[in-house]
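I opened a notebook page for this model. The entries below follow the order in which I looked things up.

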Amino acid sequence: SSSDLRENPAILIGAFDNHWTLRAASQLRFTFVKDSARETDMVRDRLHPERTDWKLTGAWPYWDIPNDYAIVSRLLDANTDRPVVIAAGITHFGTMAAGELLSNPEYFSEVVQHLPAGWQKKNLQIVLRVPVVQGTSGHPRVLATQVW
């Protein structure tokens with residue numbers, strides 16, 4: 001509930017099937033966008049709206065895709081001072097890889113190399129490309145970061 005999110009730290013998992021994720025990330029630099037008319041789901045970069053290569057078209061229902069895209073965000077809610085972590089992909093492959101990034105020290109140490117000094121006490125977003133091999137998410141790779 002919204003009161004739970006105001007009173008406690010939160011981890012939000014999933015993108016299009018989690019309205020809390022979409023709401024919490026709606027004003028951030030990297031966000032998820034669905035274009036149902038074109039059967040396209042994508043990660044949008046508000047600073048570079050011309051960038052449209054982080055997308056999947058016609059992926060549902062077969063999920064026969066070579067890559068997925070995910071966003072990992074850590075936010076300190078300005079109103080509550082409570083942290084919110086978001087791990088979400090366009091599909092379940094990206095969401096799984098985002099979770100693995102957060103729980104696998106090897107994967108996370110690779111991400112830290114892309115972050116500026118002092119990132120530990122700031123908000124951050126990480127965009128990932130996730131290879132999908134024979135129906136399994138692979139090793140996520142950092143495409144972009146934002147720290148503020």
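Predicted model: local features only at pLDDT ≥ 70, side-chain atom pairs only at ≥ 80, totals over all residues.

**Entry 1: R82.** I started with R82, which counts as partly exposed at 34% relative accessibility. For this label I used relative accessible area with a 1.4 Å probe and protein chains only: buried is under 20%, exposed is over 50%, and partly exposed is in between. R82 sits in the loop between β5 and β6. My elements are DSSP runs, numbered from the N terminus: helices are H or I with at least four residues, strands are E with at least two. I then took a C-alpha distance from R82 to L128, and it came to 25 Å. These two residues are 46 apart along the chain.

**Entry 2: ground rules.** Residues are numbered from 1 along each chain as its sequence is written, and side-chain values use heavy atoms, with hydrogens and water left out.

**Entry 3: backbone.** I recalled the background first. Most residues other than glycine have a negative phi, and most peptide bonds are trans. Then I searched for exceptions. The peptide bond that joins W60 and P61 is cis, with omega about 5°. P61 is in the loop between β4 (55-57) and β5 (67-76).

Next I looked up positive phi. E39 has phi near 55° and is not a glycine. It lies in the loop between β2 (30-35) and β3 (40-45). E39 is exposed, at 54% relative accessible area. Q134 also has a positive phi, about 50°, and is not a glycine. I found Q134 in the loop between β7 (124-133) and β8 (136-137). Its relative accessibility is 80%, so Q134 counts as exposed.

**Entry 4: rings.** How many aromatic pairs are there? I counted 3. The rule takes rings of Phe, Tyr and Trp (its six-membered ring) with centres within 6.5 Å; planes under 30 degrees apart are stacked, over 60 edge-to-face, and the rest tilted. F16 is in the loop between β1 (10-13) and α2 (19-25) while F32 is in strand β2, so the pair ties together parts 16 residues apart in sequence. F16 is partly exposed at 24%. F32 is buried at 10%.

I also checked for charges over rings (NZ of Lys or CZ of Arg within 6 Å of the ring centre and within 35 degrees of the ring normal). K34 lies over the face of F16, 4.5 Å from the ring centre.

**Entry 5: R44.** From K34 I went on to R44. Their C-alpha atoms are 9.9 Å apart, with 10 residues of separation along the chain. R44 belongs to strand β3. R44 is partly exposed, at 33%. I listed its contacts (heavy atoms within 4.5 Å), leaving aside neighbours within four places in sequence: R29, F30, T31 and V33.

**Entry 6: cores.** In soluble globular proteins, nonpolar side chains tend to be buried together. A nonpolar core here is a set of buried Ala, Val, Leu, Ile, Met, Phe, Trp, Tyr and Cys residues joined through side-chain atoms within 4.5 Å. Which members of the largest core touch the most others? They are F30, F32, V43, W54 and I86, out of 22 residues. β2, β5, β6 (83-89) and β7 each give this core at least two residues. Another core, of 14 residues, lies apart from it and includes A87, A97, Y107 and L128.

Outside four places in sequence, its contacts include A25, V43, W54, I71 and V127.

**Entry 7: cavity.** I searched on a 1 Å grid over the protein atoms alone; a cavity is a set of points where a 1.4 Å probe fits but cannot get out, and lining residues have an atom within 4 Å of a point. Points join across faces, edges and corners, and the volume is the space filled by probe spheres set on them. I found 1 cavity of 30 Å³ or more. The largest cavity has a volume of about 40 Å³. Its lining is T21, A25, F30, F32, I71, S73, I86 and Q125. α2, β2 and β5 each supply at least two lining residues.

**Entry 8: S137.** S137 counts as buried, at 11% relative accessibility. Beyond four places in sequence, S137 is in contact with F93, M96, A97, E100, V130 and P131.

Technical notes
1 Å grid on protein atoms, 1.4 Å probe; cavity = no way out; pocket = protein on both sides within 12 Å on 5 of 7 lines; lining within 4 Å.
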